[in-house]
Amino acid sequence: MKPSGMAMVETLVAASLLSLGLLGASRLTLRALDAALQTRQLEQAQALAQDALDCALSATSPCPAAASATRQGVAYSVQVRQTPLAAGLTGITVQVAWRSSAGPQQLTWSTRRSDLPGWLGVSSP
């Protein structure tokens, strides 16, 4: 082989290795952007769930936070369920659902609210 032919082969090998490296870097960048988008959507869902939970704990009726909302182009569905558990005790479940690039997503938070006065069961010094 001529020396000029060998240089051409070396150039082709170097170019193919460089293109593989750039392809890997671009794929990594796309995955990082997708992860950032999913994190942002989860943070929005958590904020909506916190608002709905605060509204349900304060016993505001009807709860304005328990509705559908669109934030940054994503439609979120918020549902609040209150279930009587015992006398003076209510279970509250907040469910937020949305659709992302990874498919349907869902966030569920649960807590309990006591209807008893706060001073009940507290002893004075």
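Q: Which side chain is joined to that of Gln95 by a polar contact of 3.1 Å?
A: In this predicted model, Gln95 is found in strand S3 and touches, beyond residues up to four places away in sequence, a group that includes Ser77, Arg81, Leu107 and Thr108. The polar contact of 3.1 Å runs from the side chain of Gln95 to the side chain of Gln106.

Q: Is Gln95 buried or exposed?
A: The relative accessible area of Gln95 is 16%, and the term buried applies under 20%. Because its value falls under that cut-off, Gln95 is classed as buried.

Q: Why is the aromatic pair of Tyr76 and Trp98 called tilted?
A: The structure holds one aromatic pair. Its ring centres, those of Tyr76 and Trp98, lie 5.7 Å apart, with the planes at 45°. Planes under 30 degrees apart would count as stacked and those over 60 as edge-to-face, so an angle of 45° makes the pair tilted.

Q: How many residues apart are Tyr76 and Trp98, the two members of the aromatic pair?
A: Tyr76 belongs to strand S2, which covers residues 74-86, whereas Trp98 belongs to strand S3, which covers residues 89-100. Both Tyr76 and Trp98 are buried. The pair thus links distant parts of the chain, and the separation of its members is 22 residues.

Q: Which residues is Pro104 in contact with, leaving aside its neighbours within four places in sequence?
A: Pro104 lies in strand S4, residues 103-114, and with 62% relative accessibility it counts as exposed. Once the neighbours within four places in sequence are left aside, the contacts of Pro104 are with Trp98 and Arg99.

Q: What is the area of the nonpolar surface patch that includes Val9?
A: Val9 is found in helix H1, residues 3-57, and its relative accessibility of 37% makes it partly exposed. Together with Met6, Val13, Leu17, Leu20 and Leu23, Val9 makes a nonpolar surface patch with an area of about 570 Å².

Q: Which residue forms a salt bridge with Arg113?
A: Side chains of opposite charge can pair when their charged atoms come close. The count for this structure is one salt bridge, and in it the closest N and O atoms are 3.3 Å apart.

Technical notes
Residues numbered from 1 in each chain as written. Predicted model: local features only at pLDDT ≥ 70, side-chain atom pairs only at ≥ 80, totals over all residues. Heavy atoms only, no water. Phe/Tyr/Trp six-rings, centres within 6.5 Å; stacked < 30°, edge-to-face > 60°. Helix = DSSP H or I, 4+ residues; strand = E, 2+ residues; numbered from the N terminus. Buried < 20%, exposed > 50% of the residue type's maximum accessible area, 1.4 Å probe, protein only. Contact = heavy atoms within 4.5 Å. Patch = residues over 30% accessible without salt bridge, like charges linked within 9 Å, V, L, I, M, F, W, Y side chains within 5 Å. Areas by Shrake-Rupley, 256 points an atom, 1.4 Å probe, with all protein chains shown as cover. Salt bridge = Lys/Arg side-chain N within 4 Å of Asp/Glu carboxyl O. Polar contact = N/O pair within 3.5 Å; in protein donor to acceptor, adjacent residues only side chain to side chain.
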